[in-house]
Amino acid sequence: MPSPESGSAIGEHAAILRSQLQAMAAAFYPPSAEKVLRRFSSGEAAKILGISDSRLRQLSIEGQGPQPEITQYGRRSYSLADIHALREFFDETTKSGRKFSPRRQGDEHLQVISVVNFKGGSGKTTTSAHLAQYLVLKGYRVLAVDLDPQASLSALHGVQPEIDVGPGETLYGAIRYGEERRPLSEIIRPTYFTGLDIVPGNLELMEFEHETPKALTSRQRDQLFFERVAKALDSVADNYDVVVIDCPPQLGFLTLSALCAATSLLITVHPQMLDVASMSQFLAMTDDLLEVVRGAGGVIRYDALRYLITRYEPQDGPQTRITALLRNLFGEAVLTSPMVKSSAVSDAGLTKQTLYEVGRESMNRQTYDRAVEALDAVNGEVEAMVRKAWGRAA
């Protein structure tokens, strides 16, 4: 093996690690295997739909609507596709006027939520994944866009960036310069989480960072980098209600393009002084760059800008003080509910799952319930933000 002083050691280490990761992936996820979402109990399905379990049970007894799978012990369960179909059934048969499907209508515009932070480790990908899945569970049509070359969001959804994603199969394929650009509709792929589609990421996304400086020398309007993500999303807007973009942890051309495409920003912040200081620099730099974009003809208008406290430990005095400081400075721009640090989220992540994918039986139930309650509170605020942008009641 080359010595550390040798430049070739980096490449050799990368090859060794890539080979090992591929072997591990093959062991856990054989080529023929696909990630499958668990089924939801009748109680869980009723809660997701916002109805009583007894009503759902009565429908099953009467043979109306999508029917559950029933075990030999009489336990009923539904797939996520069944839950979506139940929404349609209720919308067609309920006479009270209540709408179970929250999909956008009329002139309600596509919501594009960019989840950003200048520093890694702020829970950005965890936030993006849980937010996207929560919105799907609520009945929205969601597109998740992995704009981070590290592609953790893709891996969480069963897409191995080094194995499953080929050239031109990331967002780069739809925003690149030149004739090889592809329609975004050809790049989007469905996930096992019915109702959630994804644009996966991998290291190919870095090409946009390298090519954009060259393109900036061109005066052709088609070459303006900050319009490209927005235009790509516009081409598939009719198919979705919400787009969630997991941005890279640095302020490059990819992140700036996502900021320009966004209708709302969700800025994650870990309540530590160094992280807050980093965020201060991020905000100042972002403001300067967005001013340049506006000067070049870009139109930037946000329905909302919110800060989300992540990895929050209520018993940590310094974190509590910093959180109070942020609320005092930014008021309602800071989400009321923090993303509480929980071993349940970490435990689920060990198997590349979110908390919405694993069941209560897989871990300590009290820990699970507290974590899900915290997640639902955060994501419920973001959903209310979306509904307000559409002019609906929260």
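**Loops, a helix crossing and a core**

Biologist: Lys352 sits in the loop between helix H13 (343-350) and H14. Is the phi of Lys352 positive or negative?

Modeller: This is a predicted model, where local features need pLDDT of at least 70, side-chain atom pairs count only at pLDDT 80 or more, and totals for chains, interfaces and linings use all residues. Residues are numbered from 1 along each chain as its sequence is written, and side-chain values use heavy atoms, without hydrogens and water. Helices (H or I, at least four residues) and strands (E, at least two) are DSSP runs, numbered from the N terminus. Lys352 has a positive phi of about 55°, although it is not a glycine.

Biologist: Is Lys352 buried, partly exposed or exposed?

Modeller: Buried means under 20% relative accessible area, exposed over 50%, partly exposed in between (1.4 Å probe, protein chains only). Lys352 is partly exposed, at 30%. Arg311, in the loop between strand E10 (304-309) and helix H12 (317-330), also has a positive phi, near 50°.

Biologist: At what angle do H10 and H11 cross?

Modeller: Axes are lines fitted to C-alpha atoms over the stretch in contact, with angles from 0 to 180 degrees between N-to-C directions. The axes of H10 (residues 253-261) and H11 (residues 273-295) come within 11 Å and cross at roughly 70°. Leu256, Leu259 and Cys260 in H10 meet Thr286, Leu289, Leu290 and Val293 in H11, contact meaning heavy atoms within 4.5 Å.

Biologist: Which residues touch the most other members of the largest nonpolar core?

Modeller: Nonpolar side chains tend to be buried together in soluble globular proteins. A nonpolar core joins buried Ala, Val, Leu, Ile, Met, Phe, Trp, Tyr and Cys through side-chain atoms within 4.5 Å. Here, Leu56 and Leu355 do, among 56 residues. Helix H14 (residues 365-389) gives the most to this core, eight residues.
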